[in-house]
Amino acid sequence: MITDNSVSRRSLLTGGLATGFLLAFHLPLRAAVNEPVQPVDTTDGKFAPNAFIRIDETGRTILIMPQVEMGQGTYTSISAVLAEELDADWSKVEVQHAPPNDKLYGNPAFGLQATGNSNSIRAWWTPLRKAGATARAMLVQAAASQWGVEPASCSAAKGEVAHAASGRKLGYGAVALAAQSQTPPKDVAVKDPKDFVIIGQPLKRLDTPDKVNGKAVYGIDAILPGMKFATVAACPVFGGKVGKVDDSAAVKLPGVRKVVVLDDMVAVIGDHMWAAKKGLEALQIEWNEGPNAKITTKDIWEDLRKASEKDGAVAKSDGDIVKALASGDKFEAAYELPFLAHASMEPINATVHVKPDSCEIWTGTQIMTRVQSEAAKAAGLPIDKVIVNNHLLGGGFGRKLEPDMVIAAVKIAKQVDYPVKVVWTREEDIQHDVYRPVYRDQITASLVDGKVAAWKYKVAGSSVMARWFPPAFQKGVDIDAVDAAIDTPYDFANFHVEYVRAEPLSVPTGFWRGVGPNNNVFAVECAMDELARKAGKDPIEFRRSMLTKNPRMLAVLNHVAEKSGWGQPLPPRVGRGVCVQPSFASFIATVVEAEIDDIGEIRLRRIISVVDTGIAVNPDTVKAQIEGGLVFGLTAALYGEITIEKGRVQQSNFHDYRMMRINETPKIEVIVVKSGEAPGGIGEAGVNAGPPALRNAIYAATGIALRRLPIDRKLLAAGKKA
Amino acid sequence: MHMATVLTINGETKSFDAPPEMPLLWVLRDVLGMTGTKFGCGIAQCGACTVHVDGKAVRSCVLPVSAVENRAITTIEHVGSTPSGAKVQKAWLDLEVIQCGYCQSGQIMAAAALLAATSHPDDSDIDAAMAGNICRCGTYVRIREAIKQAASGRQS
C-alpha cells in the first residue's frame, strides 16, 4: 500500500509537537515487522500531473522525492519548493521515496538519479517550481470550469481554489480527478519570490519526528519474513582474492547457516549478526594477496609528488601567466591532503532477496538507478526484474554513491533462497571504503604592489570522475578536482589552473563530502594567508583588496570580520583564521578562533560563518548544514588520515580513525544573509570552510604555516620555529 | 542448546534463545526486531547502541545478555514514557537537532540518562555524559543546547 511508504505528518504543525511526533511519519512500518514497501507509484484515481505530485479525492497530497534524505534536510526543502508553487496545505504534505527511474527522477545536473555535489535544490529549483505551478494551474482550471468562471478570476492557497467574486471554494481533493483531464498550461508562470509563504520559513523537518523514537527505518533496519543475517571479510589487500577457506569450525557454531565464498570476500550467514560474526571469526582464510601486498602510503606519496611535478592538462588560463610570474615577489607552496574514509554512522549494508526470476533490494543509497543496473548484472536478470526499495540514509557523505555493497549482497543472496541482510562491520566498512583521494596542490604566485599579479595552481590527484562519471573527465581535466580552483572569487588578472591525473597505487577513490573543493579551498585559502603575510597585510584586508568584482563574497567577508571581532587582541598562542569560498554557488566566509597549547594540542574556541546561499529554502537547514559541515571538515583537519601498510588500511574503527566529539566542539554561530538570488548548494560547503580557517588560525597564533593535513601537533609545540 | 533467556525490556518480559555472551544489541535488533537501537562500531566507541539498564546509559554492543537478566532495560522505543526521555525528545524536535538521525537514538538515551541523574547539567556534565556518543553529521552544538532546554523546561 502506498500509505505504508509515505510520511504522514498531518498533525505536525496543526496539532503541536506532542501529538505530532506520535502520529507523524509512517515511514515503512508494519506492526512489529518493519518491512519496507516498494513505492508503487499508482496514479489511478489520483491527480498525477507529473512524477512528483499525487493528490487523491480526499485531498491527500503525496510528494515523491527525486533526491534522497541522508540528513541534509532535502525531503523538507524539496517538499517546500513543490508545495510553495502548488499552493498546497503544508500541514498535510506527505513524502515518499522515489523508485529508480533516471527519466523521471534523474538529477538535471547529471541526468542520473544521484544525490550529491550539493545539487538537489540547485538543480531541481526551476523544474520543481514549474511542476508545482503546472499542477496548481490545472487544479484552478478544473475548479473554474466547474463554476463556469474564468481561471484568471480564481486564486489558490493552502490546498483550496477560491473564486472571490462568488465566495466559492473547492478543496484540491474535490477537483483532483477533474484536474487530471485538464490540459497543462504551456510556459506556466512561477511565483515572484516576494509572494513565497513556505520557502524561506524556518520549517520543521518532515523526517525528524520518527528519528527521536526509533521508528525511522534506515536500510540497515529492513526486516523481512524468513530473513537471515550475514557479515563479510574482504581481502585485506586491495585487489586481492580469496585463496583457501577452511570453514569446518565455523559451520559447527550455533546459529551459523552458511559460508559463502566469493571471488574477493567471504561471507557467513547466520540467524543473527552475532552468529555471523562468530562464524567469520572461526574461519581459516588464506588470501591470495596479489601484486599490491607491499604497497605503503609512503610509496603512494612518492608517486604523487613525482607526478605532480609534470605539466598538467590546462583547465583554465587567463592573461599571460609565464610573463606575469617572471616579475614581482615570487611565492611557491605545495599543500598535501591525506586519504579519508567516510565512516557514515550507518555502516554499509544491503538486504537482498534473490528469486529465480527477480531480485529485490532494501538499502539506503545515493545512486538508485546505478544500484538497480549493477544488481541486475550481479543477479543475471534484466533491469526490470530488480526492485530497489530506498530508505533513509544514516549518513551518505559520498560513500553511498557507490553500488559495491549491493553487488556483494546480491552475490551472497544468490547462494540462498531466503532474504539476507548483509551488514559490514565498522572495521570492514573503514578498510574497504572508496577513499577521498590524496591530493597535492601546488600554488605559484607573484606579488606586485601588495596584490597577487600572477596565480598558477596545479592540482594533482586521483580522478574520481573518470571512473564514476566519465563525461565529466574531458581532455585530461577532472572538473570536480579543479572545481573551486577555477571558480576563484579573487581578481587574478593572470590566472592559470592545471590538473595532473595521478591514480594512487591500488587504493580505490571516491567522492567525499565537500568533494573537489575540499582540496581547492584548502590550498587557495592557505596560500592567500601566506601571501598576505609576505605582502605585510592583514589576511582579511588582503583578500578584500582582490574581491572588487565579487560583491557577494566581499559582503559576507565584511560581515564575518565584524561579527568575529577580527583584529581585536587575543591572548598568546590564540589566533583567528579566515576562509572565504564561493563553492557550490554559495558564498561563505568563516572565522575560526583556536588556541594551541605548549605541547601543540589544539582547542577550538569559537567559529562563525556568514553564508549567502541565495534564497534559503529552509534557513534552519542551511544553518544546520554549515554547523555540521564545519565539524565534519574540522574532524578531518584534526584527526583524519587513512594510511596503508602492506597493501592494507591500518585504521579500523573509531579508536584509531577519530571523530570530533561534543567536548571538542566550540560555539558555532552561523548567520544566513537574506538574498534574492537563486539557491546555492549547502550540504557540502561547510566541510570546506573549517580546515583552512583552522590552519590559518594556527598560522596567526604560532607563525607556523602548516601545509599538510591532518594537523601535525609535533610541529606546533611551544618553541618550534615558524 | 541454550536455555531460554528472559529479559525485561520496556516493561515487557521477552523470552528468546540466544547464547549468553551475545550482546544485547543483536538481541534487540536481530532477534526481537527492535531496530531503533543502532549498530555503529561494535566496540563501545560511538554510543549509537546506547540503552538504559536500570536507568543508566550503557553500550548494548558490548553488553552480554547474561549480564542483564533481572534488570530493567529501556530502549529508544520506550524512553518517551519516562519524564526525562519525553523532555529530551521534545527539545530535540524543538531545536531540530537531528540530521541523518542514525546516532540520535543513542544521543537521546545518553541525554535522558544524564537528565534523570542530574536535573540541571552544566557544560562539563554534558561533556562527560555525551562525549562517548559520536555524531558524524556534527549536531553537537544543538545537542548541547537541547539538553539545556530540556533541563530548563523552557520552550524554544
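## Sheets, helix pairs and the A–B contact

Strand 21 (residues 451–461) and strand 24 (residues 494–501) of chain A run parallel and are joined by eight bridges. Strands here are DSSP runs of type E with at least two residues; helices are runs of type H or I with at least four residues, and both are numbered from the N terminus. Two strands pair if DSSP finds at least two bridges between them.

This is a predicted model: local features need pLDDT of at least 70, side-chain atom pairs count only at pLDDT 80 or more, and totals for chains, interfaces and linings use all residues. Residues are numbered from 1 along each chain as its sequence is written, while chains are lettered from A and ligands numbered from 1 in the order in which they are written.

A:Lys458 stands opposite A:Glu498 in strand 24 of chain A. Angles run from 0 to 180 degrees between N-to-C directions; axes are lines fitted to C-alpha atoms, for helices over the stretch in contact.

**The three-stranded sheet of chain A**

An open sheet of three strands has the order 6-7-8 in chain A, and its pairing is antiparallel. Its edges are strand 6 (154–157) and strand 8 (168–171) of chain A, each with a single partner strand, so one side of each is left without a neighbour in the sheet. Neighbouring strands of this sheet are turned by 25 degrees against each other on average, direction ignored. Four bridges link strand 6 of chain A with strand 7 (residues 160–163) of chain A. A:Ser155 has A:Ala162, in strand 7 of chain A, as its bridge partner.

Two helices pack on this sheet. Helix 5 (residues 120–147) of chain A touches strand 6, strand 7 and strand 8 of chain A, at about 130 degrees to strand 6. Helix 6 (residues 172–180) of chain A touches strand 7 and strand 8 of chain A, at about 75 degrees to strand 8. Contact means that the C-beta atoms of two residues, placed from the backbone, lie within 7 Å.

A:Gly171 is found in strand 8 of chain A. A:Gly171 is partly exposed, with 18 other C-beta atoms within 10 Å. The cut-offs are 20 or more such atoms for buried, 12 or fewer for exposed, and partly exposed in between. Leaving out residues up to four places away in sequence, A:Gly171 touches A:Gly59, A:Gly159 and A:Glu160.

**Helix pairs of chain B**

| Helix pair (chain B) | Angle | Axis separation |
|---|---|---|
| Helix 3 (residues 104–117) and helix 4 (residues 123–130) | about 135 degrees | 10 Å |
| Helix 2 (residues 83–94) and helix 5 (residues 140–152) | about 130 degrees | 8 Å |

Helix 3 and helix 4 of chain B are therefore oblique to each other. Helix 2 and helix 5 of chain B are oblique as well. Angles under 35 degrees count as roughly parallel, over 145 as roughly antiparallel, 65 to 115 as roughly perpendicular and the rest as oblique.

B:Ala110, B:Ala111 and B:Leu114 in helix 3 of chain B meet B:Asp125, B:Ala129 and B:Met130 in helix 4 of chain B. These residues divide into five nonpolar, no polar and one charged. Ala, Val, Leu, Ile, Met, Phe, Trp, Tyr, Cys and Pro count as nonpolar, Asp, Glu, Lys and Arg as charged, and the others, Gly among them, as polar.

Helix 1 (residues 24–31) of chain B is mostly covered, with seven of its eight residues buried. Among them are B:Trp26 and B:Arg29. The buried residues pack against strand 9 (228–234) and helix 7 of chain A, and against strand 2 (12–17) and strand 3 (50–53) of chain B. B:Gly33 follows helix 1 of chain B and has a positive phi, near 70 degrees.

The contact between the chains takes 53 residues from chain A and 49 residues from chain B. Helix 2 (16–23), helix 7 (273–282) and helix 18 (619–639) of chain A each give two or more residues to the chain A side. Helix 18 of chain A gives the largest share, seven residues. By class, the chain A side has 28 nonpolar, 15 polar and ten charged residues.
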